[in-house]
Every structure is written in structure tokens, then in C-alpha cells.
Amino acid sequence: MDFNMKKLASDAGIFFTRAVQFTEEKFGQAEKTELDANFENLLARADSTKNWTEKILRQTEVLLQPNPSARVEEFLYEKLDRKVPSRVTNGELLAQYMAEAASELGPTTPYGKTLIKVAEAEKRLGAAERDFIHMASINFLTPLRNFLEGDWKTISKERRLLQNRRLDLDACKARLKKAKAAEAKATTVPDFQETRPRNYILSASASATLDDTSCPPSWAEWKETYPGGWRPPCFFLLPLNPSVTRARGCLSLPKDRKLWNDEVDKAEQELRVAQTEFDRQAEVTRLLLEGISSTHVNHLRCLHEFVESQTTYYAQCYRHMLDLQKQLGRFPGTFVGTTEPASPPLSSTSPTTTAATMPVGPSVAGLAPPGEAALRLEEVAPPASGTRKARVLYDYEAADSSELALLADELITVYSLPGMDPDWLIGERGNKKGKVPVTYLELLS
């Protein structure tokens with residue numbers, strides 16, 4: 001493995017500089033470059049999109065698979081890039097139990113026959129649920145996961161780079177500010193002879209800065225200039241650095257001023273480079289954040305497809321249960337009560353069964369189910385065995401002259417005729433007479 005020590009040291013220095021800048025910003029000891037309001041709004045919208053996408057994804061997974069153990073298993077298979085094994089749905093498992101129960105209890109008995117019929121319907125419901133889960137996973141869950149695992153990771157990476165560029169930029173600004181302050185202070189300091197203290201011990205490096213050709217003063221020269229018994233000067237090496245010379249008592253010299261000028265020029269150059277890199281990274285990040293609008297459009301399309309698949313699923317369930325209801329209504333001895341339904345029927349032709357005790361009138365020649373032949377109301381008469389009262393549950397608008405319009409909560413007289421569709425009854429209200437749907441009525445005793 002090839003280690004580049006210079007690069008490693010440089011990266012460590014950059015990391016330390018960023019850490020110092022970040023800490024000083026948190027404590028309010030350093031200035032921070034603020035992004036424009038539009039950029040901040042883009043960041044907030046991206047974060048909000050990410051958070052709500054995660055919540056919607058998790059809850060949709062719960063809706064499609066309520067079993068948490070099954071969800072964990074599917075997650076592991078997905079991470080291992082393996083195909084998820086087929087799993088029996090709850091409806092299919094119920095159908096299997098009902099079929100086995102019918103086989104053991106007797107498939108020829110009324111209970112066994114009903115179990116078989118219900119098992120077939122539950123099996124179809126389970127198959128419809130499987131198709132719905134498959135379509136929802138492809139059309140809705142997969143695009144949401146792709147956004148979180150693809151686009152959002154790219155956005156997060158570029159945002160981290162932008163944060164680093166901003167820290168570098170602010171560090172360069174702080175460095176330039178300090179360099180300019182030191183340069184300004186150096187230009188206002190008097191020359192060496194006016195400001196040095198009388199008991200000042202000159203260092204060898206400081207002497208060299210006064211005159212490159214001069215030699216350190218002898219003890220006789222020092223004693224002649226400063227009578228009073230001074231101790232011999234000690235000459236020690238000091239780095240030729242403005243901050244060190246000031247700390248040691250050597251005030252800024254012309255060469256120190258030049259060093260600070262060079263430091264300011266270097267800081268300005270670094271600031272220009274840092275500003276260029278920050279602007280470039282900000283533009284890249286802005287373009288990615290503006291792409292969130294396209295993500296919303298894509299998620300909107302996926303949401304429509306999810307609703308379509310869910311609508312198809314529930315429509316299939318309704319048809320399967322409708323078929324099952326028809327089959328159960330034709331079995332001998334089946335009784336369906338007249339408990340008030342929770343909501344109005346979907347249409348006036350929704351099939352249901354009538355009470356077993358409904359009075360039946362005499363047959364009418366030519367009478368047929370609705371839509372096959374016109375009912376001649378003038379030939380219809382109440383049955384000799386009597387009629388029943390019924391309360392109207394919902395408003396009903398007559399489709400033609402053979403039907404009777406209904407208003408919710410009104411009481412009407414109803415009876416049935418031989419050969420008549422079991423979903424309909426003959427209703428009378430005063431002098432008016434016509435067919436009425438059973439699902440809109442509550443038969444009274």
C-alpha cells in the first residue's frame with residue numbers, strides 16, 4: 001500500500017482547520033458565510049421530501065405486509081440480492097383451511113357446500129391481494145426506494161462537500177483578516193532604536209535583521225553605550241518570524257513588514273481559490289436540489305398508479321364477494337336477514353336475497369326479470385296471503401315507469417310475485433305502484 005505522507009499531512013491539516021472553524025462558529029467566535037434565502041428554501045424542501053418519503057414508504061410497507069417478521073425477511077433477501085420466496089396470503093391460507101374442513105365435515109352437507117364456496121371466493125381474494133401487492137411494490141415502493149438510495153445519497157454527498165467548501169472559505173476569510181490586522185499594526189510601529197527597552201538583550205537573529213553585514217556588538221561597545229555594569233549579552237537563535245520577534249521584545253522591522261505583506265498576498269490568493277471552489281460546489285448542489293421538483297412529478301405519477309392498482313384490487317374483491325353472495329342466496333334454507341346496511345348499495349341492481357317469509361302473490365303472465373320484459377302494473381294485484389310494510393333506507397330515483405321512486409324513512413307496502421327477480425319487490429304507496437330494490441328497504445314484521 002502506497003502512503004503519501006505529504007498528502008496525508010495536508011489532509012490532516014485541512015481537517016483540523018475545518019474542525020477549528022466549525023467549533024468557533026458554534027461558539028460564536030467566527031463569522032459564517034450564509035447561503036441565500038432561495039438556497040435555504042431548496043434545502044428545507046429537500047429535507048422535507050426525504051423525511052416524508054421515508055414515512056410514506058414505511059407505512060405503505062406495513063399496509064402491504066402487516067407482519068413485521070415477514071418485512072424483515074424481505075429486507076434481508078433484498079439486501080442479499082436474492083429473490084424473495086413466494087408467500088401464501090392470509091386469504092389463501094383461510095381458503096385452504098375451509099376446504100380441508102369441508103372435506104372432513106362432509107362436502108355434501110349444506111355446511112360443507114358453503115365452506116367450499118366460501119373457500120373458492122377467499123382463494124380468489126388471496127390471488128387478487130397477491131397481484132395488488134406485486135403491482136404496488138413495482139409501481140410505488142420501488143421508485144420511492146430508488147429516490148432514497150440513489151438521488152438522495154447523491155444530494156447528501158454534494159451537500160457535505162458544500163459544507164467543507166464553506167468551512168474552507170470562512171477559514172481563508174479569517175486568515176486574511178488576521179493577516180491584514182497584523183500588517184496594519186506592523187506599519188504603525190516606530191523603528192528599532194526608538195522603542196527597544198534599555199535593558200534589551202539583542203538576539204543574534206535580530207541583529208542580523210538590522211544589517212546583514214554587521215557583527216554582534218562586543219561587550220566593550222555595549223558597556224560604552226550603556227554604562228552601569230550590564231551583564232554580557234546572550235545570543236540565541238530565534239525563528240525569523242514577526243510574531244516571535246514581537247514576543248521576544250524585538251519590534252517589527254522593515255523585513256517583518258515585507259513578511260506580513262507576503263502573508264496578506266498569500267491569504268488573498270487562497271481566498272480567491274476557496275471562493276471559486278465554493279461557488280462551483282454551490283451551483284452543483286443547487287441544480288441537484290432543484291431536481292426535487294422532478295422527483296415530486298415522478299412520485300405523483302407513481303401515486304396515481306398506486307391508486308389505480310388499489311382500485312382494481314378492491315373492485316375485484318367486490319366482484320368476488322358479489323358472486324359469492326349470489327351463490328349463497330341460491331342454496332336451500334339460506335336466510336339473509338334485513339339488518340340495515342352501513343351504506344347505500346352501489347347500484348339499483350345490486351343483488352341480494354329477500355326474507356324467507358315475504359308474501360308471494362299470484363303469477364303474472366309474461367312477467368320477467370327487469371330489463372327483459374316490461375311489467376304491466378295494471379295487471380299486478382296484492383297477494384291473497386297479505387302484504388308487508390317496509391321502511392325506505394335511502395332515496396331512490398325510478399329508472400323508468402315500471403319502478404317506484406322512494407324517499408328515505410317513508411313507509412310503503414311491499415310484496416313479491418312468482419318468477420320475479422329476487423332483488424326486487426312490488427311497492428305501493430297510495431295509488432302509486434312499481435318495482436323497488438330490496439337493498440333500499442328494511443322489512444318490518
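Is Leu161 buried, partly exposed or exposed? In this predicted model, in which local features require pLDDT of at least 70, side-chain atom pairs count only at pLDDT 80 or more, and totals for chains, interfaces and linings use all residues, Leu161 is partly exposed, with a relative accessible area of 28%. Residues are numbered from 1 along each chain as its sequence is written, and side-chain values use heavy atoms, with hydrogens and water left out. Burial classes are defined by relative accessible area: buried is under 20%, exposed is over 50%, and partly exposed lies in between (1.4 Å probe, protein chains only). Leu161 belongs to helix α5 (residues 110–187), where helices (H or I, at least four residues) and strands (E, at least two) are DSSP runs numbered from the N terminus. The C-alpha atom of Leu161 is separated by 7.3 Å from that of Gln281, although the two residues are 120 residues apart along the chain.

Helix geometry was examined next. Helix α1 (residues 5–26) has 22 residues, which at 1.5 Å a residue should span 32 Å; the end C-alpha atoms are 31 Å apart, in agreement with that value. The expected span is taken as 1.5 Å times one less than the number of residues. The buried residues of α1 are Arg18, Gln21 and Glu25. Viewed down the axis of α1, these buried residues fall within an arc of 65 degrees, so they line one face of the helix. The arc is that of the directions from the helix axis to the C-beta atoms. The face of α1 turned away from the buried side carries the exposed residues Met5, Ala9, Phe15, Phe16 and Lys26.

A corresponding description applies to helix α4 (residues 90–105), whose 16 residues should span 22 Å at 1.5 Å a residue; the end C-alpha atoms are 22 Å apart, which agrees. Gly91, Glu92, Ala95, Met98 and Ala102 are the buried residues of α4. They cover an arc of only 120 degrees around the axis, which puts them on the same side of α4. Asn90, Tyr97 and Glu104 are the exposed residues on the face of α4 turned away from its buried side.

For helix α3, the twelve residues should span 16 Å at 1.5 Å a residue, and the end C-alpha atoms are 17 Å apart, which agrees. Helix α3 covers residues 68–79 and contains Val72. Together with Phe75 and Leu76, Val72 makes a nonpolar surface patch of about 290 Å². Patches consist of residues with over 30% relative accessible area and no salt bridge, with like charges joined within 9 Å and nonpolar side chains (Val, Leu, Ile, Met, Phe, Trp, Tyr) joined within 5 Å. The accessible areas come from the Shrake-Rupley method with a 1.4 Å probe, and for residues only the protein chains shown count as cover. Asp81, which follows α3, has a positive phi, near 55 degrees.

Side chains of opposite charge can pair when their charged atoms come close. A search of the whole structure finds 14 salt bridges, each being a side-chain nitrogen of Lys or Arg within 4 Å of a carboxyl oxygen of Asp or Glu. One of them joins Glu54 to Lys50, with the closest N and O atoms 3.3 Å apart. Both residues lie in helix α2 (residues 37–64), four residues apart, about one turn of the helix. Glu54 is partly exposed, at 24% relative accessible area.

Another salt bridge is formed by the side chains of Lys180 and Glu268 (4.0 Å, N to O). Lys180 lies in helix α5 and Glu268 in helix α10 (residues 254–290), so the pair ties together parts that are 88 residues apart in sequence. Lys180 is partly exposed at 40% relative accessibility, and Glu268 is likewise partly exposed, with a relative accessible area of 26%.

The side chains of Arg391 and Asp409 also meet in a salt bridge (3.1 Å, N to O). Arg391 lies in strand β1 and Asp409 in the loop between β1 and β2, so this pair ties together parts that are 18 residues apart in sequence. Arg391 is partly exposed, with a relative accessible area of 21%, whereas Asp409 is exposed, at 55%. Arg391, Asp409 and Glu442 are linked in a network of salt bridges.

With a disulfide defined as a pair of cysteine sulfur atoms within 2.5 Å, the count comes to zero. Cys172 is buried, with a relative accessible area of 8%, and Cys317 is buried, with a relative accessible area of 13%.
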